[in-house]
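Dear colleague,

Please find the structure below, handed over for your use. My notes on what was found in it follow directly after.

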Amino acid sequence: MLQIKKILVANRGEIALRIMRTAREMGIATVAVFSEADRTSPHVRYADEAVCIGAAPSAESYLNIDKILKICKDLHVDAIHPGYGFLSENAGFARNVRDAGLIFIGPSPESIEVMGSKLAAKHAASQYNIPMVPGTPDAIDDRGEAKRIASNIGYPILIKASAGGGGKGMRVVENEVEFDEQMDRAVSEARAAFGDGSVFIEKYITSPKHIEIQVLGDHHGNIIHLFERECSIQRRHQKVVEEAPSISITPDIRAEMGRCAVDVARSCGYYGAGTVEFIMDEARNFYFLEMNTRLQVEHPVTEMITGVDLVKEMINIAQGQPLAIAQEDLQIRGHAIEIRVYAEDAANHFLPDIGTLHTYVKPDGNGVRVDDGFEQGMEIPIYYDPMIAKLITYGEDRETAIRKMTRAIDEYQISGVQTTLSFCRFVMQHEAFVNGSFDTNFVGRYFQPDVLSTNTSHEEAGLAALISVLLNDASTESKPVQNEEVAVNASKWKARRFAAH
Ligand code: MV4
């Protein structure tokens with residue numbers, strides 16, 4: 001049996017540390033790569049070896065494929081774990097890794113490619129009996145025909161980019177009058193963001209719950225699922241609270257959704273860890289949306305309720321071992337909730353709030369897990385995702401997990417930057433969250449900044465927006481700005497960065 005002896009983690013922050021910890025438990029040596037902004041990061045100190053790969057911007061460091069492969073060669077690395085984000089769903093990278101004679105701890109480049117296209121994913125899944133939202137099976141090239149299909153489905157409909165992710169290139173169309181205008185927008189947005197203007201239509205499910213299933217597949221054709229995660233509490237496609245199991249599904253739905261997820265994975269010959277995304281409507285009909293071919297941010301809640309170390313399984317799979325767990329061996333034990341602690345000011349339009357962690361004291365105690373990559377005194381770099389930590393609580397049932405979360409949030413001491421902790425406390429105490437009657441509209445429906453009763457400043461937001469226009473800084477690999485709120489967000493980073501120079 002092949003034995004991985006040294007893993008390079010092509011990532012940073014909490015997930016790099018998370019992966020290295022499991023590697024160490026398995027007796028595997030670790031190599032960290034880091035940018036100039038991350039020189040003092042815990043993941044760099046934790047690793048057995050660490051190499052600086054370049055300047056702070058990701059394009060010059062964490063996304064530099066040639067440099068990463070060169071380091072692997074120089075340090076006799078056997079395998080690369082990509083974590084999430086960065087190169088994790090880059091089929092070309094997975095192929096480069098394979099061609100360099102190294103092991104990519106993840107799925108095949110072919111699986112990444114198929115699932116990276118929503119239309120290709122649907123085509124693959126259509127070999128099996130998997131419910132999908134009514135819509136067009138292919139990219140739209142004839143608008144007349146598309147409009148006929150839309151009126152057959154019934155408005156509102158949703159136009160989606162096949163290459164899309166995170167809601168980009170997505171447009172709701174309320175009626176046929178709006179069709180052409182929204183189609184033009186979706187196509188140009190998709191072309192700008194992904195270099196691919198292919199779009200398709202689906203019936204718009206207005207109040208869905210977002211439920212995803214964790215799967216594991218090995219190189220021998222075995223695929224299992226590790227139940228669901230409920231991820232409906234999100235804001236502008238950024239998840240804020242995740243939990244397992246979901247309060248909204250029955251054992252029968254769970255079994256059927258699990259079967260569907262395994263079939264989706266089977267449809268592309270999947271191996272490694274993956275997540276199959278579904279939406280569920282008010283009548284509890286669920287539909288397959290897409291598959292994420294990476295380890296996800298919210299994987300810890302699944303680990304807590306199953307007792308499975310997902311990174312360990314990923315490494316064993318990559319070594320060619322058959323899955324040691326059978327579907328029948330798995331059961332749900334207890335309840336886990338994760339909140340994402342972002343350096344954002346929830347009371348002020350969730351503006352990213354960079355700065356120094358003057359105070360940073362983590363909660364602890366029974367049923368509390370903190371996955372983070374920062375320490376007191378460190379600065380939150382402006383170049384990357386502003387997530388400081390993931391706070392996970394585990395208890396015998398949902399009520400216990402919620403109580404533990406509220407207690408842990410209150411113990412968490414962070415000063416120097418504003419965080420989403422107070423917002424998460426608001427969620428934990430909200431009746432709709434507690435009784436499970438929430439969907440993906442939760443934040444928009446129930447949250448107004450003044451419920452946090454802190455320093456809301458519309459003036460500051462307006463000023464930041466103005467500075468944004470004046471600066472027009474193109475030095476970051478920023479995503480296309482889609483709406484006013486995102487523009488304001490981007491601007492505060494720039495304003496602060498500007499002030500620092
Ligand atoms: C949908 C939908 C309603 N109807 N598709 C958002 C991102 C992408 N992963 C799919 N998304 C959605 N697709 C149909 N036919 C609503 C969403 C959606 C959503 C999905 C999951 C989690 C949060 C969301 C927030 C807004 C919209």
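Arginine 95 counts as partly exposed because its relative accessibility is 26%, which lies between buried (under 20% relative accessible area) and exposed (over 50%), computed with a 1.4 Å probe on protein chains only. This is a predicted model, in which local features need pLDDT of at least 70 and side-chain atom pairs count only at pLDDT 80 or more, while totals for chains, interfaces and linings use all residues. Residues are numbered from 1 along each chain as its sequence is written, and side-chain values use heavy atoms, with hydrogens and water left out.

**Salt bridges**

Arginine 95 pairs with glutamate 110 in a salt bridge whose closest N and O atoms are 3.9 Å apart; the term denotes a side-chain nitrogen of Lys or Arg within 4 Å of a carboxyl oxygen of Asp or Glu. This pair connects distant parts of the chain, since arginine 95 belongs to helix α4 (residues 91-99) and glutamate 110 to helix α5 (residues 109-116), 15 residues apart. Helices (H or I, at least four residues) and strands (E, at least two) are DSSP runs, numbered from the N terminus. Glutamate 110 is also partly exposed, with a relative accessible area of 37%.

Across the whole structure, the search finds 37 salt bridges. One of them joins arginine 18 to glutamate 303, with 2.7 Å between the closest N and O atoms. Here the partners are 285 residues apart, arginine 18 in helix α1 (residues 13-25) and glutamate 303 in helix α10 (residues 299-306). Arginine 18 is buried at a relative accessible area of 8%, and glutamate 303 is buried at 7%.

A further salt bridge brings glutamate 202 and lysine 122 together, the closest N and O atoms being 2.5 Å apart. It links strand β8 (residues 199-203), which holds glutamate 202, to helix α6 (residues 118-125), which holds lysine 122, across 80 residues. Glutamate 202 is buried at 2% relative accessibility, and lysine 122 is buried at 8%. Elsewhere, salt bridges with shared partners join Glu212, Arg229, Lys239, Glu242, Glu298 and Arg340 into one network.

**The ligand and its surroundings**

A nitrogen atom of the ligand lies 2.9 Å from an N or O atom in the side chain of glutamate 202. For lysine 160, the distance from a side-chain N or O atom to a ligand nitrogen is 2.9 Å. Glutamate 277 has a polar side-chain atom 3.3 Å from a nitrogen atom of the ligand. Taken alone, the ligand exposes 520 Å², of which the protein buries 91%; these areas come from the Shrake-Rupley method with a 1.4 Å probe.

**Backbone details**

Tyrosine 155 and proline 156 are joined by a cis peptide bond with omega about 0°, and proline 156 lies in the loop between α7 (143-153) and β6. A cis bond also runs from alanine 244 to proline 245, with omega near -5°; proline 245 sits in the loop between β11 (238-244) and α9 (251-267).

Phenylalanine 227 has a positive phi of about 70° although it is not a glycine. It is found in strand β10 (residues 223-235) and is buried at 9% relative accessibility. Arginine 284 also has a positive phi, near 65°, without being a glycine. This arginine 284 lies in the loop between β12 and β13 and is partly exposed at 42% relative accessibility.

**Annotated regions**

UniProt, in an unreviewed entry, lists "domain: Biotin carboxylation" at residues 3-448; its positions follow the numbering used here, feature names are shortened, and annotations may be inferred rather than shown by experiment. That span is 33% helix and 25% strand, with its end C-alpha atoms 53 Å apart. The UniProt record, again as an unreviewed entry, places "domain: ATP-grasp" at residues 122-319. Residues 122-319 are 33% helix and 29% strand, and their end C-alpha atoms lie 30 Å apart.

With kind regards

Note on methods. A polar contact is a pair of N or O atoms within 3.5 Å; within protein, one must be able to donate a hydrogen and the other to accept it, and residues adjacent in sequence count only if both atoms are side-chain atoms.
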